[in-house]
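Thank you all for coming. I would like to walk you through one structure, beginning with the surroundings of its ligand and then turning to a pair of helices.

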Amino acid sequence: MNAMSAANVIGTSPASKADIARGFGRARTSYESASRLQRLMGDILLETLKQRSHPNGVSGRVLDLGCGTGWYSRRLAEPGAEVTVTGLDLSADMIRHARANSSSDIAWLVADAEAIPLPDQSCELIFSNLMIQWCADPGQVLRECRRLLRPGGRLVISTLLDGTLRELDEAWQRADPGRRHINRFAPEAAFRSMVLGELPSAEIDTRTLRLPYTSPLALAAELKQLGAGYKGAGRRRTATAPGRVRAMCQHYPREPDGRVMASYEAAWVHWTCPGTGGKSQVDERGVENCRYG
Ligand SMILES: C[S@@+](CC[C@H](N)C(=O)[O-])C[C@H]1O[C@@H](n2cnc3c(N)ncnc32)[C@H](O)[C@@H]1O
């Protein structure tokens, strides 16, 4: 399988980068009030980091990759941390919003995670919460992270996998057959093999998270407030007819108390850049793990 077709299997978003940036940019002021799942998954990522931290913590440059409104950039730069935090996002509007709501000691960068304009080995820690599933070629993001990390530096990533929002997907398939309403997510096996192909020593944890909503419409509204609605090819450019929306609500499974649940197939990746010296380190499969000075 060549790199392009491999990327198409793993890369979940056929949406253009411009559409993704525009969608999140528009949501910059509503995002934080709707980001319940994002906080849950990012807090677990932070916790993982604390548990596995060196006794003296992290120092040096920390990159928050796909930082959105900068919520975690600010957490990573909390007083006491001996770090210089850079928040990077594809959306210029998100970055403007993040900068306006943060202290001046955080640096901000509008850039694509698949081509990061920072030098080799310039980061001690790369933190990326729920960004990589938006990338057409997540393997390229991992290669960029590998290039940027210093030996001993760490990468922590969270993402969503196939089966995420399956109740909503199935309800839409019955209400509006043949039309996609939900983003595609990589199957777990393909994601694992992509990550381990790039970062053989990575640890991957997965878990199903289920969040309650008062109604399917509340879930749909939350996705809109996050800027995380479906942006791929074949989406409706106009509002979906009310009859179809009603049908979707009728097909969505209800709990005995009338609420609805949404499933999220969550994954967290943790990788430490190996090595203590030398020019480069290439593993038995020819994967270069890290470059040294
Ligand atoms: C779900 S939000 C997560 C934001 C933040 N990490 C958080 O935890 O609140 C995803 C973010 O990834 C950004 N993004 C999507 N594709 C990107 C890419 N190729 N490069 C950089 N950022 C990207 C979006 O603009 C958006 O702000």
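Around the ligand there is a shell to which α2 (17-26), α4 (36-51) and α5 (71-76) each give at least two residues, helices here being DSSP runs of H or I with at least four residues, numbered from the N terminus. This is a predicted model, in which local features need pLDDT of at least 70, side-chain atom pairs count only at pLDDT 80 or more, and totals for chains, interfaces and linings use all residues. Residues are numbered from 1 along each chain as its sequence is written.

The largest share of the shell, four residues, is supplied by α2. Of the 25 residues around the ligand, the nearest are G66, G68, L90, A113 and N129, where near means a C-beta atom, placed from the backbone, within 6 Å of the molecule.

Turning to the helix pair, the axes of α7 (residues 138-148) and α9 (residues 188-198) come within 10 Å and cross at roughly 30°; axes are lines fitted to C-alpha atoms over the stretch in contact, with angles from 0 to 180 degrees between N-to-C directions. The two helices are therefore roughly parallel to each other, a term for angles under 35 degrees. On the α7 side the contact is made by P138, G139, L142, R143 and R146, and on the α9 side by M194, V195 and E198, contact meaning C-beta atoms, placed from the backbone, within 7 Å.

Finally, on confidence, pLDDT, which runs from 0 to 100 for each residue, has a mean of 87 over the protein, with 84% of residues reaching 70 or more.

Definitions and conventions
Angles under 35 degrees count as roughly parallel, over 145 as roughly antiparallel, 65 to 115 as roughly perpendicular and the rest as oblique. Two residues are in contact if their C-beta atoms, placed from the backbone, lie within 7 Å. pLDDT is the predictor's confidence in each residue, from 0 to 100.
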